[in-house]
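Please read it alongside the sequence and the coordinates.

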Amino acid sequence: MSQSVATVTLVVPDYDAGIVFYRDRLGFELVADSDLGDGKRWVLVRPAGGKGAALLLARADGEDQERAIGNQTGGRVSFFLETNDFARDHALYSARGVAFLEEPRHEAYGTVAVFQDDFGNRWDLIEPKG
C-alpha cells in the first residue's frame, strides 16, 4: 500500500487574503481556485515545485470556525515548510514582510525559525541537516 497526505485544510477569514499571503508573500503556487456556488470556493495552494501536501484554504463558516483561525493547533507550530536554502528564503520572506517570531537557530535537525502567517498560524521554516 502506498499513501500520502495530499491536502490539509487551513481555515482563513477570506479566500483572497489567503491567496495573497501564500501565493504573493510565500511564493506558493495557486493550484486551483474554483467556484463551488453559494460563495464557496475550492482554493488549493502548495509550495512551488509541488513537493508535499497542498493547503485547502477554507473560508471560515460560522463562529466556531472563526474562533479557530490562527489557533487550529492550540498555539503550537502548525506547519513545517522545508527549504533547501534557509538563508535565501528567510531573507526573501523578511523582505516581503513575513513576521518571524524568533531569530534563526541551528538545531541538531537543521536551521529553523518560526514565522506566523497573516492569520496567526505558526510555521517552521526549516532547512534540514544532511
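Predicted model: local features only at pLDDT ≥ 70, side-chain atom pairs only at ≥ 80, totals over all residues.

A60 is found in the loop that runs between strand β4 (54-59) and helix α2 (63-68).

When residues up to four places away in sequence are set aside, A60 touches V11, V12, Q65, E66 and I69. A60 can also be placed relative to R122: the two are 62 residues apart in sequence, and their C-alpha atoms lie 18 Å apart in space.

Strands of a sheet pair through backbone hydrogen bonds, in either a parallel or an antiparallel sense.

V45 stands opposite L55, a residue of β4.

## Helix α1 and its ends

The buried residues of α1 are Y15, G18, I19, F21, Y22 and R25. At the start of this helix, a side-chain oxygen of D14 reaches to within 3.0 Å of the backbone nitrogen of D16. Just after α1, G27 takes a positive phi of about 80 degrees.

## Salt bridges

Side chains of opposite charge can pair when their charged atoms come close. A search of the whole structure finds nine salt bridges, and one of them joins D16 to R41, with the closest N and O atoms 3.0 Å apart. This pair links distant parts of the chain, since D16 lies in helix α1 (residues 15-25) and R41 in strand β3, 25 residues apart. D16 is partly exposed, because its relative accessible area of 42% lies between the 20% and 50% limits.

Another salt bridge brings together the side chains of D64 and R67, with an N to O distance of 2.2 Å. Both residues belong to helix α2 and are three residues apart, about one turn of the helix. D64 is exposed, with a relative accessible area of 59%, and R67 also counts as exposed, at 55% relative accessibility; these assignments follow because the exposed class begins over 50%.

The side chains of R105 and E102 likewise meet in a salt bridge, at 2.1 Å from N to O. R105 counts as partly exposed at 26% relative accessibility, and E102 counts as partly exposed at 26% as well. Elsewhere, salt bridges that share partners join D16, D33 and R41 into one network.

## S78 and F80 in strand β5

Are S78 and F80, taken in turn, buried or exposed? S78 is placed in strand β5 (residues 77-82) and is buried, because its relative accessible area is 19%, under the limit of 20%. F80 is found in strand β5 too, but F80 is exposed, with a relative accessible area of 54%.

The side chain of S78 makes a polar contact with the side chain of T73, at 2.9 Å. Leaving aside neighbours within four places in sequence, S78 is in contact with T73, N121 and R122. F80, under a corresponding exclusion of residues up to four places away, touches W123 and D124. The C-alpha atoms of F80 and I126 are separated by 7.0 Å, although these two residues are 46 residues apart along the chain.

## The annotated region

The UniProt record, an unreviewed entry, places the feature "domain: VOC" at residues 4-128. Over residues 4-128, the chain of the model is 22% helix and 42% strand, and the end C-alpha atoms are 20 Å apart.

Note on methods: Residues numbered from 1 in each chain as written. Heavy atoms only, no water. Helix = DSSP H or I, 4+ residues; strand = E, 2+ residues; numbered from the N terminus. Contact = heavy atoms within 4.5 Å. Pairing = 2+ DSSP bridges. UniProt positions renumbered as here; feature names shortened; annotations may be inferred. Salt bridge = Lys/Arg side-chain N within 4 Å of Asp/Glu carboxyl O. Buried < 20%, exposed > 50% of the residue type's maximum accessible area, 1.4 Å probe, protein only. Polar contact = N/O pair within 3.5 Å; in protein donor to acceptor, adjacent residues only side chain to side chain.
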